[in-house]
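Welcome, and please take a moment with the sequence and the model before reading on. The notes below are meant to be read alongside the view.

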Amino acid sequence: MEVAGPSIRPPCIDAPAPRLYCEAMPSQTPQSVPDADIAALRAAVSARFPQTVAELASLVAVPGIAWPSFPPEELERSAAEVHRLVREAGITEAQVLRAPRPDGTPGGPAVVARHPAAPGQPTVLLYAHHDVQPPGDASLWDTEPFVATERGGRLYGRGSADDKAGLLVHLAAFRAVSEVLGDRFGLGVTLFIEGEEEFGSPSFRAFLEAHRDQLAADVIVVADSSNWAVGQPALTASLRGLADGTFEVAVLGHSVHSGVFGGPILDAPTILARLIATLHDDDGNVAVAGLIAHDDADLDYPEEQFRRDAAVLDGVQLAGTGSIASRLWLKPALSIIGIDVPSVDVASNTIQARARAKFSLRLAPGQDPDAAMDALREHLEAHVPFGAHLTFTPKEKGSAYRADMHSAAAQTVLWALGESWGTPAARTGMGGSIPFIADLKEVFPDAEVLITGVEDPDSRAHSANESLHLGDFEKCIVAEALLLAALHREPTERV
């Protein structure tokens with residue numbers, strides 16, 4: 001891709017994590033941010049950084065998990081702690097709000113706080129989430145999951161990176177810009193700190209609809225992604241879409257003795273295995289008709305690097321055709337992520353009547369999620385063997401995302417990232433999904449969405465020993481403070 005200004009390529013190929021492609025963008029300083037303000041913002045962030053880390057530690061200590069099997073009072077306590085920190089940061093117009101989930105139950109508590117825009121000023125919406133993943137197997141942690149522990153320049157603990165650090169970036173950046181610009185700062189700033197992102201955001205769309213006026217903005221910053229590497233900032237340019245759910249096969253009204261009845265009837269696990277085998281062709285490409293796929297990735301991902309990053313065992317052949325990068329972010333990927341059959345340790349000697357699988361289908365940019373779900377259903381119905389009964393249950397779905405890297409807001413945040421780190425920001429494409437991005441674009445079609453983040457390849461979000469690189473954490477805050485200062489308009493600029 002051709003861009004104005006000098007071309008500087010970051011160390012994409014040698015990066016230690018499976019990012020899918022990156023390309024450096026040129027840095028041009030917005031005229032609205034004087035050098036004196038840039039220096040003052042750096043100093044303000046640095047002076048308060050120990051306080052910011054302490055505030056993050058206080059949030060890590062609250063195990064707010066939105067899953068129904070965990071105590072709901074801890075999630076409420078997490079929202080209350082966020083509400084307190086927001087007010088202490090100087091945004092007094094703050095509320096804990098919620099909306100109903102599709103099943104009618106109350107959604108997780110979200111914090112919405114507003115610093116209204118002065119006349120002629122735009123508004124930016126800053127998104128993050130305060131809920132976290134369950135800690136998982138405690139024996140895999142080197143530290144206590146809900147005790148923030150600093151070691152080797154990193155802060156360990158559940159939520160230290162995903163995504164309590166993201167909300168602290170927002171708070172600390174707002175605080176720094178408010179201190180430096182003072183009465184000059186008229187940019188509208190709205191904080192939206194969600195409370196059930198790790199549970200799939202079931203009330204997200206209803207929340208946007210119910211609080212549309214409070215959340216309306218010109219620019220939306222979603223701080224829930226990752227940088228390219230420690231010391232290398234990035235802006236997420238694209239994400240794959242998602243469709244997931246389950247399918248079940250049934251062959252009997254109930255399970256029967258395998259010796260007495262075995263032979264004329266195939267067991268449900270075997271039927272399920274044969275059906276799953278139809279989902280890919282002999283090369284490993286997804287074999288579901290009607291799914292969009294592209295093969296024009298800008299940069300390749302060397303196979304040797306991918307094998308190391310993904311811990312592929314020696315001798316295992318990679319699936320699919322085309323470049324590695326295209327397979328990762330421009331083509332669909334269909335995985336079976338769970339199967340319900342009796343475990344080996346408790347299996348009785350019976351022909352199983354039913355078996356169920358859970359699928360995760362990642363979608364290429366341009367793919368309609370509903371059409372993808374229909375295509376998979378039709379494939380399964382057409383290929384289920386031996387007349388077995390099929391039950392298909394669709395669940396979560398979300399559209400792919402692709403940003404306009406040439407827009408004014410994207411260029412501004414790329415400048416801010418490069419200015420903070422002292423190296424050009426990369427734009428990255430990722431194979432993962434953030435389904436609610438589509439909801440943001442549909443409810444606020446005129447707003448520009450920017451996806452930033454505080455994680456790095458070793459943050460291990462969702463896994464044991466989740467951690468945050470503290471040096472890059474401070475740079476993230478500086479970058480967002482610069483972004484807010486650049487989006488702010490001086491009085492002479494206002495219409």
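This is a predicted model: local features need pLDDT of at least 70, side-chain atom pairs count only at pLDDT 80 or more; totals for chains, interfaces and linings use all residues.

**Helix H11**

- Helix H11 covers residues 408–421, and at 1.5 Å a residue its 14 residues should span 20 Å. The C-alpha atoms at its ends are 20 Å apart, which agrees with that expectation.
- Of the 14 residues of H11, 11 are buried, so the helix is largely enclosed by the rest of the structure.
- Among the buried residues are Trp415 and Trp421, along with Ala409, Ala410, Val413, Leu414 and Leu417. Thr412, Gly418 and Ser420 of H11 are buried too.
- The partners that these buried residues pack against include two helices, H1 (35–60) and H13 (470–487). Strands E8 (219–226), E9 (234–239) and E18 (448–455) also pack against the buried residues of H11.

**The four-stranded sheet**

- An open sheet is built from four strands in the order E12-E14-E10-E15, with antiparallel pairing.
- Its edges are strand E12 (333–340) and strand E15 (389–398), each of which pairs on one side only.
- On average, neighbouring strands of this sheet are turned by 20° against each other, direction ignored.
- Strand E10 (residues 241–250) runs antiparallel to E15, and eight bridges join the two. Glutamate 248 stands opposite threonine 391 in E15.

**Helix H10 and the sheet**

- Helix H10 (residues 369–383) lies across E10, E12, E14 (354–363) and E15. Helix H10 runs at about 165° to E15.

Methods:
Residues are numbered from 1 along each chain as its sequence is written. Side-chain values use heavy atoms; hydrogens and water are left out. The expected span of a helix is 1.5 Å times one less than its number of residues. Buried means under 20% relative accessible area, exposed over 50%, partly exposed in between (1.4 Å probe, protein chains only). Contact means heavy atoms within 4.5 Å. Two strands pair if DSSP finds at least two bridges between them. Axes are lines fitted to C-alpha atoms, for helices over the stretch in contact, and angles run from 0 to 180 degrees between N-to-C directions.
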